[in-house]
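Hi there,

Here is the structure I promised to pass along. Have a look at it first, and my notes on what turned up follow below.

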Amino acid sequence: MNSRSPVGKAGSLAYVSTPGRVADPEEGISLEELALAARNHGLPLEALRYDVTPPGLHYVLVHYDIPYVPPAEADMWTLTVRGRVRTPLTLDLTALRSLPSVTHRVTMECAGNGRARLTPRPVSQPWLVEAVGTADWTGVPLRRLLAEAGVEPDAVEAVFTGADHGVERGVEQDYQRSLTLADAMAADPEVLVAYEMNGAPLPPQHGHPLRLVAPGWYGMAHVKWLRDITLTDTPFAGFQQAVAYRYRRTPDEPGDPVTRIEPRALMIPPGFPDFMSRTRVVHPGPLRLSGRAWSGRAPVTKVEVSTDDGDSWELAELAPSDDGHAWSWRRWHASWTAAPGHHTLTARATDAEGTAQPLTQPWNRGGFGNNLVQRIPVICLEP
Ligand SMILES: Nc1nc2c(c(=O)[nH]1)N[C@H]1C(S)=C(S)[C@@H](COP(=O)(O)O)O[C@H]1N2
Ligand SMILES: [Mo]
């Protein structure tokens, strides 16, 4: 594999992995992509029908190993809150559960969603469009915990550390991400330290027993297996913050950080599948096209649907916005009368900030934020 190269004596490890590799357009899927795809999984698009994604169907992305927490020890899991605070806290799960809790319905999406459709293709988890899910998360508002600890005036960021651990560019490290103090303390969207998903303890792959939930943010911000929150007086420069998750077109530029979820609409593939030809099959006549749309920047205000590969667009009907669920997807539908032949179906979301999904791919080296519209090839059979 050409993804490993020696680091010599400088590092304690005999190799470094090379993030940000871009596959040669001629190159087939690599073993590292197969290894990633074998442990992570997406949402089957037919499950877009559910308001809240059923257990096991929410997408999963883990960078390292899923930490093992013996069931009998979950209540003893401790979260520390320290750094630039007046009173450092150590809270076990029982203590966290005894604090006032809130539940937020949140649509979460991996920043790498859409990566596998890019040309050239960045070598990483090869998502098509399915790295998304919606859950009801219950926990303690982060701002309440920070207020309890007492934020020092010179604190600028909160750094979140997970219990999982791996190697990035030859250096052993924990999974860590930060939020600015303003984002961490915001009332809307309100960041949660969550211990329940859909009314039950978090499943192992979703962060058991504790995770961060940052509504509106791409997945990487929702730190799983959360064990420490440290307030710092300088911006955090860790790997997952300053090196990975940057919009870069060349390897050396610093790049803008990956933050909020770009708008996206997905259609539930109509009819039934012919996986070998990557086509959906429908019978002629009236059909209801439906799906979900979301944006982590502002509420979705418009979904347009095309049944002729983007030549013409029609407004879809959006389900009424549910005030209590501002950070979860909205249902939409449109009607179509299918006529025999080949068709390409597309849907396009626009949010309240006026940002619309692009019709050409927004390429970058990491393959982040590719919210290019979905295209569904359909064959309509003869009557
Ligand atoms: N500790 C830790 N937190 C993590 C990750 C991780 O690898 N380790 N992956 C992040 C990424 S990139 C995503 S997209 C989301 C996925 O959350 P889910 O698996 O619950 O859908 O978790 C985030 N939180
Ligand atoms: Mo992700």
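There are 0 disulfides in the structure, which is a predicted model. For a pair of cysteines to count as a disulfide, their sulfur atoms must lie within 2.5 Å.

Now to the ligand. Where does ligand 1 sit? You will find ligand 1 in the largest cavity. Around ligand 1 there are 20 residues, and those that come nearest are Tyr59, Asp164, His206, Arg211 and Lys224. Sorted by class, the shell around ligand 1 is made up of 11 nonpolar, 6 polar and 3 charged residues.

- Tyrosine 59 places a backbone N or O atom 2.8 Å from an oxygen atom of ligand 1.
- Histidine 63 has a polar backbone atom 2.8 Å from an oxygen atom of ligand 1.
- Histidine 222 has a polar backbone atom 3.0 Å from a nitrogen atom of ligand 1.

How much of the accessible area of ligand 1 does the protein cover? On its own, ligand 1 has 530 Å² of accessible area, and the protein covers 100% of that.

Tyrosine 59 may be a handy place to start browsing: this residue is among those that come nearest to ligand 1, and its backbone takes part in one of the contacts listed above.

Notes: Residues are numbered from 1 along each chain as its sequence is written. Chains are lettered from A and ligands numbered from 1 in the order in which they are written. This is a predicted model: local features need pLDDT of at least 70, side-chain atom pairs count only at pLDDT 80 or more; totals for chains, interfaces and linings use all residues. Side-chain values use heavy atoms; hydrogens and water are left out. A residue is near a molecule or strand if one of its heavy atoms lies within 4 Å of it. A polar contact is a pair of N or O atoms within 3.5 Å; within protein, one must be able to donate a hydrogen and the other to accept it, and residues adjacent in sequence count only if both atoms are side-chain atoms. Accessible areas come from the Shrake-Rupley method with a 1.4 Å probe; for residues, only the protein chains shown count as cover. On a 1 Å grid over the protein atoms alone, a cavity is a set of points where a 1.4 Å probe fits but cannot get out, and a pocket is an open set with protein on both sides within 12 Å along at least five of seven lines; lining residues have an atom within 4 Å of a point. A molecule sits in a cavity or pocket if more than half of its atoms lie within 2 Å of its grid points. Ala, Val, Leu, Ile, Met, Phe, Trp, Tyr, Cys and Pro count as nonpolar, Asp, Glu, Lys and Arg as charged, and the others, Gly among them, as polar.
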